[in-house]
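Subject: Structure handover

Hello,

Here is the structure I said I would pass on. Please have it open while you read the notes below it.

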Amino acid sequence: MHKMSEPVSLLPKLLAPINQLLAPLVKAGVGNPWLFTPGATVLEVPGRNSGQLRCVPLSCYLAGGVMIIGTVRPNSQWIKNLAAAETPYVWLWGRRHRVTKLSVTEHVACLSLPGCSPRRPPSRA
């Protein structure tokens, strides 16, 4: 008999090839948020154990200079890596931008993008 936790443990393996296809598109600006609309970004942080750079496409909402990203999956590694990261980055509008962590919880992260408004992309990092 299968336990309920088994399908959840397969999810990262199923999402990995999809993430590899989506990340370059989202980095180029496809699906990025504009004018208070939800969209996608790529979070770039070092792995907290390996130190290897991790790039994860995520859904986000951008309002003013604040980006909100979240997860519905328990034990998401990206959020643990973000919490441990000293210098996180996100990709928006074809450019990499350094962000400041405002708040990181088990399921939600709020990030500040200096110099960003809904009509003006943030300045380069």
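Two strands count as paired if DSSP finds at least two bridges between them. Helices (H or I, at least four residues) and strands (E, at least two) are DSSP runs, numbered from the N terminus. With that in hand, strand 3 and strand 7 pair in the antiparallel sense over five bridges.

On the source: this is a predicted model, in which local features need pLDDT of at least 70, side-chain atom pairs count only at pLDDT 80 or more, and totals for chains, interfaces and linings use all residues. Residues are numbered from 1 along each chain as its sequence is written, and side-chain values use heavy atoms, with hydrogens and water left out.

Overall

The protein has two helices and seven strands, arranged along the sequence as α-β-β-β-α-β-β-β-β. The mean pLDDT (the predictor's confidence in each residue, from 0 to 100) is 85, and 83% of the residues score at least 70.

Of the 125 residues, 34% are buried; buried means under 20% relative accessible area, exposed over 50%, and partly exposed in between (1.4 Å probe, protein chains only). Of the contacts (heavy atoms within 4.5 Å) with a separation of 6 or more, 53% are between residues 24 or more positions apart.

Strand 3

Strand 3 (66-70) also pairs with strand 2; the two run antiparallel and are joined by four bridges. Leu62 stands opposite Met67 of strand 3. The hairpin of strand 2 and strand 3 has two residues between the strands, and Gly64 takes a positive phi near 65° there.

Which residues of strand 3 are on its covered face, and which on the uncovered one? Met67 and Ile69 are on the covered face, while Val66, Ile68 and Gly70 are on the uncovered one. In a regular strand the side chains alternate between the two faces of the sheet.

Thr71

Thr71 belongs to the loop between strand 3 and helix 2. With a relative accessible area of 15%, Thr71 is buried. Its side chain makes a polar contact with the side chain of Ser76 at 2.9 Å. A polar contact is a pair of N or O atoms within 3.5 Å; within protein, one must be able to donate a hydrogen and the other to accept it, and residues adjacent in sequence count only if both atoms are side-chain atoms. Leaving out residues up to four places away in sequence, Thr71 touches Ser76, Trp78, Glu106 and His107.

Helix 2

In helix 2 (residues 77-84), the buried residues are Trp78, Ile79, Asn81 and Leu82. They lie on the same side of the helix because they cover an arc of only 160° around the axis, taken from the directions from the helix axis to the C-beta atoms. These buried residues pack against strands 1, 2, 3, 6 and 7.

Asn32

Asn32 is in the loop between helix 1 (5-27) and strand 1. Is Asn32 buried or exposed? Asn32 is buried, at 7% relative accessible area. The side chain of Asn32 reaches the backbone oxygen of Val26 at 3.4 Å. Not counting residues up to four places away in sequence, Asn32 touches several residues, including Val26, Gly39, Thr41, Trp91 and Trp93.

Regards
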